Amino acid sequence: MTIHWCGTGLSAIPGLRRLLEAGHDVAVWNRTTDKARGAVGDLTTNIHAFSIANLAQMLSPKDVIVSMLPGDWHVPLAELAIERGAHFVSSSYIAPEMRALEQKAKDAGVCLINEVGLDPGIDHLMAHALVADYKASDAFDPANEISFISYCGGIPKTPNPFRYKFSWSPLGVLKALRSPSKSIRDFKELDVARPWDAISSYEAPLPAPESFEVYPNRDSIPFMSQYEFGEDWKVKEFVRGTLRLNGWADAWADVFKQVETLSGPEGDSRLKEMSDQFWAENAYDEGEPDRVVLCVGLKAEKDGAEVWHKTYVMDAWGDERGSAMARLVSYPVSFAIEAAMNGKIAAGVHAAPSDPALVGKWMAEIGKLAQHLEVVDSKV
């Protein structure tokens, strides 16, 4: 079984190196082989210029294709995997086109595993663990009112005036500011056109409690079923969102005003100009530590009183191992690859697993990657 790892960008390297150091048969594919050699050339010479045609020639049944390439490549590579009886892994959200491959994947007996990075990925594992814990507790009652939050953010370890720093092109962050979101607040769907319309404050239960600015992103609603919420549960709040340093909204106020007015080709051109400027002014310096904070919480209330409330809290930062973001994205990807190879995940299209054994095993390893990982029981 060969692992065909496609893409050697910044967020790919730690997990790729882990697999190579563990002795797996890995073929490394990248559009520029020099970049790949610079990243892992000390561990392997099995490095190729990425081409889906060349990859197809080398692909065998039971192999695993890993896509750490831009999202446009995920579905074509997943389709190739199905055609050749191979598995597929990516850290990205499951697109409708990927979801549509479910039956083909089952028929081929292969798994297409997605959403196994940081967010989405580790956040899913935490949510599955909390929901399972709550369901098994004496406090469980379908009549309880449920509140769920999941906030994740990559932030500078040393705050800067802009309250944010970039590890790669800021264009993706700027484009995300134009995206609407859907969540649940006070038992009703909350539709938000732009993130800055729904910024609120969240106090993370870190060892030294810390306040952050947070806002919902994407469509949170489908994740209630993914996290195995009961259809009869009374969901008061359900939000998956982004976490930023306090002061971020003020520092970015002019950015919001500009983004709000941009549209069409001229708007895209202006976004690119802004991206170039932000990259020049607010990129991480060589060796500068980044920081990742992830909080996933589940609370149950009855008659206005808390009966169950736990929060999974993670705080990680760059150290001698490199950036926190890179290891927290790519290590779970490597865990998913091994799970696929070992038959631990059924055929079909999947996000991060909910199986308690896998969740427990992966979270134990993730605990070694973060400087702090804890389940905080607010009812104690």
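Start by selecting helix 1 (13-21) and helix 13 (324-341): each supplies at least two residues to the lining of the second largest pocket. Helices here are DSSP runs of H or I, at least four residues, and strands are runs of E, at least two, numbered from the N terminus. Bear in mind that this is a predicted model, where local features need pLDDT of at least 70, side-chain atom pairs count only at pLDDT 80 or more, and totals for chains, interfaces and linings use all residues. Residues are numbered from 1 along each chain as its sequence is written, and side-chain values use heavy atoms, with hydrogens and water left out.

Next, show the nonpolar core that is the largest, and pick out Trp5, Phe229, Met314, Leu328 and Ile337, which touch the most other members among its 70 residues. Helix 13 gives the most to this core, 10 residues. Such a core is a set of buried Ala, Val, Leu, Ile, Met, Phe, Trp, Tyr and Cys residues joined through side-chain atoms within 4.5 Å; buried means under 20% relative accessible area (1.4 Å probe, protein chains only).

Now for the strands. Select 290-302 and 305-317: strand 13 and strand 14 pair antiparallel over 12 bridges (pairing takes at least two DSSP bridges). Zoom in on Val296, which stands opposite Tyr312. Then go to the hairpin turn, with 2 residues between the strands, where Asp303 has a positive phi of about 55°.

Terms used: Buried < 20%, exposed > 50% of the residue type's maximum accessible area, 1.4 Å probe, protein only.
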